[in-house]
Amino acid sequence: MNIFSVIDGKAQATRAVKRWAAECRPEVDAIVNVAELRCHEEGCPDFETVVTWMSSPPFVVKIFKPINQITRVDVDTACSGTTPTTNEP
Amino acid sequence: MTERTPVTVLTGFLGAGKTTLLNRVLTEQHGQRIAVIENEFGEVGIDHELVINAEEEIFEMNNGCICCTVRGDLIRILGSLMKRRDQFDRILIETTGMADPGPVVQTFFVDEDMKERLFVDAVVTLVDAKHVWQRLDDSDEVKEQIAFADVILLNKCDLVPASELDKLEARIKGMNGMAKVHRTVNAEVPLEAVLEVGGFNLDHAMEVDPKFLEPEYPFEWGGIFEIPAGGASFTATEDPDPSMKLVLIPVEKADAENLADAREKALRIFSHEAVETQPDGILTADGELYELILPGGDIAWKVSVEAGTYAVFTEHYPEELNLELIGNTGVITASIAASYKPDHEHDEEVSSVGIEQAGDCDGEKLNRWISKLLQEKGTDIFRMKGVFSVKGDPNRTIFQGVHMLLDSQDGGPWGERPRKNSLVFIGRDLDREALNASFRKCLA
């Protein structure tokens, strides 16, 4: 992984993920935060995207892909809880 | 991209003068509409329509990982504030005196959508010049607020003698060599000094004070000698250390320019594996780094080179071991010499390390180095910024970061400028020598 690589279109991809996330849980009226983490800590995956509904308490799902590779299906699947959301892949 | 809204983060212990500065910002005629997010119920009332109270809510996106820790309250407030974007020109966040600036700043780095609409212009830290001394020793929060700062206001300067202020400023600069320090009374400072800083702007990552980038060399001494036909010998009579590294480099003549060129070559050679050389061993000038073993007593090494002019760089001062170069006709003295021992004797838990290195890095080695560094030390690195010259890339790579979050961009062509690498780290328990040595291994 080149840590100096600059991925184009991330803001646009982030907005798309936010939109899908909001549509997934329309009953929740909360700001959605989407963060692609390139964590350097031992044991962390190279990429993970954390989607957080800033409700009280916050609701978090994780998708182990860079933001610009996430599809609507990934968000739907993560929201439905059919994939682990807090464990590494 | 639409125009991004600047954000100023105001930190400082209770009583340092944050609210005084905030009131000045809000009342002076600067033509800007400012939205204020405040954590503390102000010591002085603020009459302003866009003042929002926040509750410090630390939110870990990934359990325990410091780079994934943000401020949940800010995400919510900023999310709703941006729906009223037409009502203000900039945002000012006043943190509590005990707040860690890390999660506040990271909040603006983790969400790309937010990054496209907002940017941190600067972390401004107010320091109570009279009362900060004790806290500099015992408060992690104060140390971190200073470490994160782009601008530091040494406030209440009227209560402290000038000599004390000099000491305090020197100590603060030892901790954070990147920040601009202003001495103030009643937080009176031109507002451009706190509102138009560009501290996180990658275009400013190059603007590191050259005085701060005092080079760190792995050798303490260098000199140029004329070695006659038949060679010479190094002799030593003292052994303060078990060994000492030395390199011999041929040069054209004995002048400052040749010594400086040889110094850069020596820097590279000192990052190689050293060849252990026992007494009576042979030294050449073919780019080898020698580790002279010092068992004690009078010892010598044969210098086997053609007659000519040579630069010698030694890990320690030659006089520490009575090192002399002896030719056929006696002692050969250096025609020109220089000392490279830097004055970096700061004894602070939080400190700044500047690295400046001419030449190119190997892209892969650099990538591995910084990944490993962030993995091992990211928690302790508060801020970093700089520019890399990567071999084969005609453009500069500029970067800045907070803990383990890195932001980088193409900095445009080097053009006629000499290619070099300049880096600054501010952090806790940073090992200056180890950082310099490990970075040198990235050189192409």
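This is a predicted model: local features need pLDDT of at least 70, side-chain atom pairs count only at pLDDT 80 or more; totals for chains, interfaces and linings use all residues.
Colleague: Which strands stand at the edges of the open sheet in chain A?

Modeller: Three strands form this antiparallel sheet, in the order 1-2-3. The strands asked for have a single partner each, so one side of each is left without a neighbour in the sheet: strand 1 (32-37) and strand 3 (59-63) of chain A.

Colleague: Is A:A35 buried or exposed?

Modeller: A:A35 belongs to strand 1 of chain A. The cut-offs are 20 or more other C-beta atoms within 10 Å for buried, 12 or fewer for exposed, and in between for partly exposed, with C-beta atoms placed from the backbone. A:A35 has 24 C-beta neighbours inside 10 Å and therefore counts as buried.

Colleague: Which strands are the edge strands of the six-stranded sheet in chain B?

Modeller: The order of this open sheet is 13-15-12-17-10-20, with mixed pairing. Towards one end, strand 10 (residues 221-227) and strand 20 of chain B pair in the antiparallel sense over four bridges, and B:G222 stands opposite B:A338. Pairing on one side only are strand 13 (275-277) and strand 20 (336-339) of chain B.

Colleague: How far apart are the axes of helix 3 and helix 6 of chain B?

Modeller: Axes are lines fitted to C-alpha atoms, for helices over the stretch in contact, and angles run from 0 to 180 degrees between N-to-C directions. Helix 3 (residues 101-110) and helix 6 (residues 140-148) of chain B pack at about 35°. The contact (C-beta atoms, placed from the backbone, within 7 Å) is made by B:P101, B:G102 and B:V105 of helix 3 with B:E144, B:Q145 and B:F148 of helix 6. The distance between these axes is 9 Å.

Colleague: Why do the buried residues of helix 11 of chain B line one face, and within what arc do they fall?

Modeller: The buried residues of helix 11 (residues 432-440) of chain B are B:L435, B:N436, B:F439 and B:R440, whereas B:E433 and B:A434 on the other side are exposed. An α-helix has 3.6 residues a turn, so residues three or four places apart point the same way. The arc is taken from the directions from the helix axis to the C-beta atoms. Seen down the axis of helix 11 of chain B, the buried residues line one face because they fall within an arc of 130°.

Colleague: What distance separates the centres of domain 1 and domain 3 of chain B?

Modeller: Chain B is divided into domain 1 (5-200), domain 2 (221-339) and domain 3 (350-440), with bounds from an automatic or database domain assignment. The contact between domain 1 and domain 3 of chain B takes 16 residues from each. Helix 3, helix 6 and helix 7 (162-175) of chain B each supply at least two residues of the domain 1 side. The centres, taken over C-alpha atoms, are separated by 26 Å.

Technical notes: Residues are numbered from 1 along each chain as its sequence is written. Chains are lettered from A and ligands numbered from 1 in the order in which they are written. Two strands pair if DSSP finds at least two bridges between them. Two residues are in contact if their C-beta atoms, placed from the backbone, lie within 7 Å.
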